[in-house]
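Visitor: Please take me through one part of this model at close range, and name the cut-offs behind each term as you go.

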Amino acid sequence: MDTRVPPLPMDPGFAADLRRRGSDPKKAERVFARVMSYTHHALPDPPASADANLCALLPHDAVDRLSRLPDLLLANIVSRVPIKEAARTAALSRRWRGVWRSTPLVLVDSQVLPAGTEVTRAHARRVTSAVSAVFAAHPGPFRCVHLTSSCMEDFHGLLARWLQILADKGIQELVLVNRPWPLDLVLPATFLGMTTLTRLYLGLWKFPDTAAVPRATCFPNLRELGLCVVVIESRDLDFILDRSPVLEKLCVQGNLFKLSLRLVSQSLRCLQFIGCFVDEIAVVHAPSLERLIHSLGWTRDGVCTKVKIGHAPKLHSFGYLDPAIHVLEVGNIVIKAGTNATPSTMVPSVKILALEFRCGARNDVKMIPAILRCFPNVETLHIMSRETDQSSSKPNPKFWNECGTIECIRSRIKMLVFYAYRGDRSELAFIKFFLGSALVLKKIAIVLANNVFSSKEEADSKMMPLRTMKRANDDSKMLVTGRNPDGGNIWSFKRGSDFSLVDPFEGC
């Protein structure tokens with residue numbers, strides 16, 4: 001279900017300030033419209049469907065069968081329809097009068113306006129007024145509230161009162177997104193008192209300073225936390241982690257400022273950084289951690305992100321590790337080209353590994369054997385092939401022939417997925433080495449790069465060398481597809497944190 005809401009037009013005063021600084025307000029609006037689309041893509045879907053209609057009578061049937069259902073089922077139905085429809089059920093009959101007020105509240109403010117309504121500041125204020133009326137009318141508890149369309153900057157005092165109401169009425173799931181002007185709007189610290197929260201997603205806010213927050217502050221029930229384009233200091237992120245004893249999923253997307261994380265958590269199972277500027281991710285003590293995902297990462301001034309894996313005995317899925325922007329450290333040993341594999345440099349628990357590198361860049365390629373030797377039990381390998389910059393030094397054509405045996409390729413990997421295949425010689429060299437070494441390989445999937453091949457004939461000609469390559473396992477199968485990732489799934493937290501999916505990278 002698409003619940004994405006475009007940002008409001010920029011405040012005239014803020015636009016004038018940008019012009020004084022030499023910036024184009026229209027360009028800034030376009031940039032943040034794109035940022036908001038990424039943010040809303042990362043948010044969880046609301047439980048109430050915008051398309052749901054409540055009808056007690058079937059066509060040509062005068063018997064109201066819906067009202068005969070038990071109270072528990074009626075409450076379940078009311079919780080799945082838009083808030084306007086849910087509140088109106090009180091007018092259906094005496095039987096329905098108390099159902100909405102006795103049902104834990106589900107409110108999605110983007111469903112207050114009719115579908116397709118162009119959002120203006122006047123409309124956003126109407127939504128804000130409607131939300132206030134609902135909060136006042138419903139006695140609680142509040143099961144799930146999504147606030148993504150209200151006019152936050154005009155009602156900052158009201159927002160603090162809303163958050164207090166949510167805390168008082170036992171909010172369980174909260175999604176709170178700024179629209180996003182102004183960019184430095186500080187989230188009221190009131191939300192830190194929401195002890196009943198199980199799921200919290202924040203978007204386009206400045207996180208409050210936790211230095212003066214009482215040490216007794218705690219999120220005893222919080223299991224899932226998403227921070228989307230939130231300005232937050234490392235110490236504040238540490239504060240939240242330290243006070244969330246049952247947190248299982250942490251997702252950080254679009255962080256624009258340098259962030260470091262020192263992870264010490266007994267409960268965390270999934271950690272995702274998507275499109276962030278991260279100085280260091282240090283997994284110090286995380287006995288429950290199963291997934292570590294850092295994709296679309298970026299750096300400044302050539303400073304790489306250090307990824308340190310300490311105590312993480314259940315770590316099963318790890319990626320996208322990119323030697324151009326990551327420095328891998330296992331235990332206390334920094335992995336470099338030529339690092340010898342020893343028990344202290346291995347992470348034997350990882351079964352699914354995702355790498356991102358340029359097959360035609362010498363500095364990238366020479367790191368790959370050392371990295372792969374750190375993960376001796378990998379069974380599924382995802383490779384995201386990136387286009388090589390013209391200024392990059394080329395690898396030695398004989399590199400793969402001379403790099404020696406890589407044990408996980410020889411005896412463990414059963415599945416290789418190679419994304420963004422262009423048919424370059426450097427790509428062919430790697431795949432040739434892989435196929436010639438992989439004794440237990442069952443399947444290799446080649447995903448063609450977008451907008452590279454001008455015709456099917458050209459694509460077929462680039463695939464021909466792959467089909468004739470010698471394979472160590474003649475029974476392995478090759479699948480070729482033109483579907484290539486466009487960033488959608490990579491930007492989505494849903495797939496990475498969905499434990500019903502064995503492979504969080506599949507289809508990304």
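Guide: Phe 207 is buried, with a relative accessible area of 7%, where buried means under 20%, exposed means over 50% and partly exposed lies in between, with a 1.4 Å probe and protein chains only. Phe 191 is buried as well, at 1%. This is a predicted model, in which local features need pLDDT of at least 70 and side-chain atom pairs count only at pLDDT 80 or more, while totals for chains, interfaces and linings use all residues. Residues are numbered from 1 along each chain as its sequence is written, and side-chain values use heavy atoms, with hydrogens and water left out.

The structure holds 13 aromatic pairs; rings of Phe, Tyr and Trp (its six-membered ring) pair if their centres lie within 6.5 Å, with planes under 30 degrees apart counted as stacked, over 60 as edge-to-face and the rest as tilted. The rings of Phe 191 and Phe 207 have centres 5.6 Å apart and planes at 80°, so this pair is edge-to-face. The pair links distant parts of the chain, 16 residues apart, since Phe 191 lies in the loop between strand E3 (173-177) and strand E4 (199-203), and Phe 207 in the loop between E4 and E5. Helices (H or I, at least four residues) and strands (E, at least two) are DSSP runs, numbered from the N terminus.

Leu 227 has Val 252 in E6 as its bridge partner. E5, helix H8 (residues 234-242) and E6 make a right-handed β-α-β unit, meaning that, with the strands pointing away from the viewer, the path from the first strand over the helix to the second runs clockwise. E6 also pairs in the parallel sense with strand E8 (residues 270-274), over five bridges, and there Leu 250 stands opposite Leu 271.

Strand E6 (residues 249-253) is itself mostly covered, five of its five residues being buried: Lys 249, Cys 251 and Gln 253 point one way, whereas Leu 250 and Val 252 point the other.

Key: Two strands pair if DSSP finds at least two bridges between them.
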